[in-house]
Protein chains: 2
Amino acid sequence: MVTHLTEEISRSVWYGWGDPARARPLNAGALEFLRRTLRLTDVSAAHPPVALAAVRVGPCALGEEVLAELRAITGPEHVSTGATERILHAGGKSTPDLLRRRSGDALGAPDAVVLPGGSGEVGEVLALCARRKLAVVPFGGGTSVVGGVEALRGPFAGVVTLDLRRLDRLLHVDPLSRTATFEAGIRGPAIEAALAPHGFTLGHFPQSHQEATLGGYVATRSAGQASTGYGRSDQLVKAVHLETPAGPFDAGSLAPGSAAGPRLLDAVVGSEGTLGVITRATVKVSPAPADRVYGAWSFPTFEAGAQALRRLRHDGARGDLPHVCRLSDTDETASTFKLGGWKTRTLSRYLRGRGQTTPALALFVWEGGRREARARRRRGARILRRAGGIPLGPLPGKSWEHGRFSGPYRRDELLTRGVYVETLETAATWGRLEETYASVRGAILGALQANGGAAYVQTHVSHVYSDGASLYFTFLAGLEKDGLAQNARVKAAASSAIVEAGATITHHHAVGLDHAPYLAAEIGELGVRVLRSIKDTLDPGGIMNPGKLIPPETPGAAGAPIPAAPPSTITTRDTADTEDTP
Amino acid sequence: MVTHLTEEISRSVWYGWGDPARARPLNAGALEFLRRTLRLTDVSAAHPPVALAAVRVGPCALGEEVLAELRAITGPEHVSTGATERILHAGGKSTPDLLRRRSGDALGAPDAVVLPGGSGEVGEVLALCARRKLAVVPFGGGTSVVGGVEALRGPFAGVVTLDLRRLDRLLHVDPLSRTATFEAGIRGPAIEAALAPHGFTLGHFPQSHQEATLGGYVATRSAGQASTGYGRSDQLVKAVHLETPAGPFDAGSLAPGSAAGPRLLDAVVGSEGTLGVITRATVKVSPAPADRVYGAWSFPTFEAGAQALRRLRHDGARGDLPHVCRLSDTDETASTFKLGGWKTRTLSRYLRGRGQTTPALALFVWEGGRREARARRRRGARILRRAGGIPLGPLPGKSWEHGRFSGPYRRDELLTRGVYVETLETAATWGRLEETYASVRGAILGALQANGGAAYVQTHVSHVYSDGASLYFTFLAGLEKDGLAQNARVKAAASSAIVEAGATITHHHAVGLDHAPYLAAEIGELGVRVLRSIKDTLDPGGIMNPGKLIPPETPGAAGAPIPAAPPSTITTRDTADTEDTP
């Protein structure tokens with residue numbers, strides 16, 4: 001059996017990602033690339049985070065009486081109002097989150113951090129907060145990059161962040177049905193470690209894998225790097241237990257294939273803590289693969305590569321799709337080649353000789369039984385070659401896998417060196433993929449260059465569906481004096497371009513605070529009202545994660561940007577004009 | 001390319017199924033089987049339906065003013081208050097529905113039948129009915145077997161049935177993304193005929209295929225005979241357009257893999273006309289298969305066969321699962337063999353010689369490219385043989401396919417001959433499949449024999465999932481004097497057994513009127529309240545299909561049976577007791 005290269009790390013540092021001891025410094029080639037590409041004169045480490053002691057947090061707004069009530073529920077050692085704990089829960093891991101904390105601003109920290117010991121305690125805390133009119137923010141790994149764990153007070157006097165780290169057990173494995181039930185606060189590597197003795201894997205490896213929790217996966221409809229093979233979190237989950245201010249709610253059924261009305265599980269999956277707290281989840285598990293084989297192919301253009309991925313999905317036998325499918329655009333391929341040392345430079349020369357001057361690199365991982373994985377790669381190779389791919393062997397894929405969880409560490413170092421870097425993602429149908437790519441990329445680049453600076457945008461496809469694919473954009477520029485304004489400018493431009501393209505505002509980062517203003521464009525005003533009605537039933541006081549996911553009653557009320565164009569994500573709208581013609 | 005053996009038939013006869021000219025009479029062997037098995041002395045055709053002219057319908061409760069308003073929307077030729085149209089829309093196709101109509105009772109018929117010509121007209125009719133306080137029943141093929149199209153008035157003075165047969169067009173095919181958008185009133189064979197020139201199939205073949213509509217499939221989360229391969233309707237649908245009393249609502253997105261909050265599409269799919277009228281749907285389509293190959297295997301017991309199906313699902317490569325998987329229990333196998341003439345008697349003797357005295361027959365169909373389908377059958381055969389199966393060649397599968405849509409015709413003839421026959425279905429996890437089978441089968445048999453008569457129950461698995469399988473029960477007995485009471489007795493016993501077993505109250509027949517009393521046991525009281533809140537938003541006046549799906553506010557208020565035991569379908573409940581222990 002192959003290992004999953006996932007290992008437990010300590011809880012994240014307050015100003016950035018994971019355990020800083022694990023970060024590898026940028027090498028000279030990377031620094032040279034930044035200098036040249038972004039035209040930066042100074043890329044020294046001149047912008048470190050402030051000292052923890054210098055970080056500002058407001059006073060705790062909770063009175064002694066409430067704190068005593070909280071302590072009575074969880075035990076006093078599991079309620080903290082100390083500055084460090086509050087700073088550690090002051091937000092997620094988006095670039096603006098980090099910019100704020102690195103500059104010493106944790107004024108948005110919660111008033112208290114509570115660590116419940118079980119589902120029952122979560123329910124008691126919610127009842128208390130409903131009675132006391134306190135906002136509640138559920139907190140798993142705290143890796144949201146869309147403001148999902150911001151400790152917003154909403155209209156309430158105080159806010160309590162519920163950190164679920166103590167709910168970290170595997171409760172049950174059903175090997176016959178291939179399902180497992182976990183407490184929701186368990187983190188990615190611990191999930192894999194718990195399943196390994198049973199011979200199973202969850203197969204869920206988002207870049208946040210080492211930090212993020214199962215509850216967070218489910219609450220945000222996350223997708224991982226191998227989700228093309230194993231399925232997204234919303235496809236893996238069978239049932240959840242939710243504690244809500246209106247009481248406990250079991251959504252989903254263990255009986256497969258039910259026709260008993262609307263699937264309410266899908267109202268909870270993706271609810272981002274706005275309806276209640278997911279405390280348990282039953283998920284589909286898969287046999288841990290006996291083997292994992294790698295492949296890389298180069299295509300003359302990004303468009304040709306995308307068509308090759310579509311062919312792989314459509315023309316291959318149903319089971320032949322690789323578990324991991326990644327296709328970089330020419331910019332991402334160029335930076336990968338430039339930063340990869342002499343080996344990739346050789347590769348680059350080889351491809352030039354074969355006529356690919358601006359290649360697009362595709363990486364694949366097939367998992368399964370030893371013979372089976374190889375046979376699938378063989379069948380896939382035929383399709384990829386026919387689609388114009390030049391095979392590059394297993395090494396590029398292995399090299400990617402080795403660094404698959406290291407991206408967030410690099411961001412911390414880039415910020416320290418005065419480089420702005422952020423990512424965002426969307427998904428589109430095959431027919432709209434190219435135009436979505438071009439317009440979103442153009443919007444990001446334009447917004448980054450608006451003040452005259454240089455910028456770099458690189459993109460990849462990371463998830464391949466029958467009807468389309470995801471697009472993941474990574475972009476860099478010199479950090480402007482007001483980095484938050486710089487970030488807001490780019491994000492607004494990209495989001496408007498996504499809405500105009502009829503793509504989804506988020507493929508796997510969720511809605512949170514940042515995308516809430518665009519939700520009505522995607523699901524309609526009536527859709528937003530449906531969401532509100534569900535929330536009113538489960539959270540009548542509105543205490544659960546206020547401000548997230550569901551836009552406020554009056555669009556634009558909270559100074560939220562209004563999308564530039566009406567949505568066009570629903571095909572049926574395309575055909576509406578032919579509606580009543582014969 | 002192989003044909004799908006689906007052909008357009010005329011709209012159904014008022015007292016039973018389809019076009020009676022297509023029914024083949026029961027042969028002497030079948031009559032003998034009934035006489036012997038059910039101990040019936042008289043199986044002559046002594047119980048024909050009354051003449052259409054003798055059927056009782058109440059007076060139309062709608063005034064001329066309302067009718068004029070309806071006619072102004074659709075044109076006068078599309079509003080009918082005539083007895084025949086009203087009788088044709090007086091209910092669905094469950095055995096009690098047929099018993100009522102055959103005896104001349106159509107007193108539950110709607111006051112008027114309206115045939116809108118497009119989505120806009122549907123919206124206008126809903127607005128009118130909301131203003132006039134009239135109940136609205138959406139009607140596709142009218143094949144509900146759970147009371148889903150009963151023209152219940154609820155608290156309203158009148159009820160209008162909206163027949164969607166005029167919304168029958170293919171609107172758009174996206175060959176790159178493999179999706180197609182249809183108007184919702186299109187019937188199964190017309191869907192296939194429209195897709196064929198594009199080289200696609202929907203692959204949805206429920207037994208009601210020739211009558212039922214796409215909107216009905218989606219509204220009821222239906223599964224078809226090949227859904228193990230192509231997916232259930234809830235897996236095929238990508239987006240729907242719903243007309244509601246609160247306005248038009250587009251649910252679902254064409255962008256694949258969105259993480260933009262709860263998937264509201266899943267609130268509409270399975271809503272059974274209680275939220276609004278589905279007028280358009282975009283669905284996943286698949287390449288029409290170049291070949292279809294058949295296989296049959298015999299197993300020593302039903303349990304051994306079920307384990308073989310699980311092995312086929314779990315041990316085979318991901319794409320090797322047959323599109324059709326059916327496993328009959330020993331009773332269904334025995335009746336199949338007895339009614340199949342000399343060929344099956346030979347088969348039966350052969351199996352006895354091989355030690356299988358009470359065999360369980362499994363049928364499979366693999367679809368795909370010519371070499372591919374055969375290769376998959378070959379790989380599947382290895383697994384089935386290893387699991388104790390004796391191969392029986394392609395003929396039993398072909399024979400099953402030939403008669404795949406004829407079951408409902410047989411029921412009409414059985415009722416005419418004084419034989420009670422009905423079906424019901426559930427699904428359970430692999431671990432609970434055997435106990436669910438035994439207890440539901442026992443409950444049906446016990447209830448049928450309660451008055452001392454003989455009965456026959458036969459069962460098959462028709463859908464195979466990673467985590468479990470469906471169970472479909474067909475049962476026969478002499479028709480008692482009060483057939484409706486006989487039916488209610490059996491249905492109540494079976495439903496209670498299903499709830500107690502922790503299985504789902506319905507795998508593909510939906511909730512309708514019959515299963516509504518059991519919904520709270522499956523989704524919880526809070527789940528029912530969530531459903532009600534969604535309905536209150538989209539249908540504030542409560543006019544949409546009253547009485548269906550969502551149980552009334554006070555459980556048991558409408559004389560509804562209360563389930564015998566609390567639900568146990570959610571795993572997390574199983575583990576709740578270990579919840580707070582270390």
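**Note on the predicted model: Arg411(A) and other sites**

1. Leaving out residues up to four places away in sequence, Arg411(A) touches Lys93(A), Ser94(A), Thr95(A), Leu98(A), Val421(A) and Glu422(A); contact here means heavy atoms within 4.5 Å. Arg411(A) sits in helix α16 of chain A, residues 407–416. Helices (H or I, at least four residues) and strands (E, at least two) are DSSP runs, numbered from the N terminus. With a relative accessibility of 11%, Arg411(A) counts as buried, a class defined as under 20% relative accessible area, against over 50% for exposed and partly exposed in between (1.4 Å probe, protein chains only). An unreviewed UniProt entry annotates Arg411(A) as "binding site"; UniProt positions follow the numbering used here, feature names are shortened, and annotations may be inferred rather than shown by experiment.

2. Basis of the values. This is a predicted model, in which local features need pLDDT of at least 70 and side-chain atom pairs count only at pLDDT 80 or more, while totals for chains, interfaces and linings use all residues. Residues are numbered from 1 along each chain as its sequence is written, chains are lettered from A and ligands numbered from 1 in the order in which they are written, and side-chain values use heavy atoms, with hydrogens and water left out.

3. Overall form of chain A. The secondary structure consists of 20 helices and 18 strands. Chain A has a radius of gyration of 24 Å, close to the 25 Å from the globule rule for 582 residues, so it is as compact as a globular protein of that length. The radius is taken over C-alpha atoms, and the rule is 2.2 Å times the number of residues to the power 0.38. The C-alpha trace of chain A spans about 75 × 60 × 60 Å along its principal axes.

4. Burial, contacts and surface of chain A. Of its 582 residues, 64% are buried. Among contacts in chain A with a separation of 6 or more, 77% join residues 24 or more positions apart. The accessible surface of chain A is about 20,100 Å², and 54% of this belongs to carbon and sulfur atoms; the areas come from the Shrake-Rupley method with a 1.4 Å probe, and for residues only the protein chains shown count as cover.

5. Charges. Chain A carries 65 positive and 57 negative charges, whose mean positions are 8 Å apart. Lys and Arg count as positive, Asp and Glu as negative, and His and the chain ends are not counted. Each charge is placed at NZ of Lys, CZ of Arg, CG of Asp or CD of Glu.

6. The unreviewed UniProt entry assigns "domain: FAD-binding PCMH-type" to residues 106–288 of chain A. Over residues 106–288, chain A is 22% helix and 27% strand, with the end C-alpha atoms 42 Å apart.

7. The unreviewed UniProt entry marks Tyr472(A) as "active site". Tyr472(A) belongs to strand β18, residues 468–478 of chain A, and is buried at 11% relative accessibility. Apart from neighbours within four places in sequence, its contacts include Gln207(A), Glu425(A), His460(A), His508(A) and His509(A).

8. Helix α16 in chain B. Nine of the ten residues of this helix (residues 407–416) are buried, so it is largely enclosed by the rest of the structure. Among the buried residues of α16(B) are Tyr409(B), Arg411(B), Asp412(B) and Glu413(B). The buried residues of α16(B) pack against α1 (28–38), α4 (95–102), β16 (419–429) and β18 (468–478) of chain B. Just after α16(B), Gly418(B) has a positive phi of about 80°.

9. Backbone points to check in chain B. Most residues other than glycine have a negative phi. Arg178(B), not a glycine, has a positive phi of about 55°; Arg178(B) lies in the loop between β5 (170–174) and β6 (179–183) and is buried at 14% relative accessibility. Asn545(B), also not a glycine, has a positive phi of about 45°. Asn545(B) is in the loop between α19 (516–538) and α20 (571–574), and at 2% relative accessibility it is buried.

10. Glu150(B). This residue is placed in the loop between β3 (135–139) and β4 (159–163) of chain B and is buried, with a relative accessible area of 14%. Beyond its neighbours within four places in sequence, Glu150(B) contacts residues including Asp97(B), Arg100(B), Lys548(B) and Asn545(B).

11. Gln449(B). The residue lies in helix α17 (residues 430–449) of chain B.
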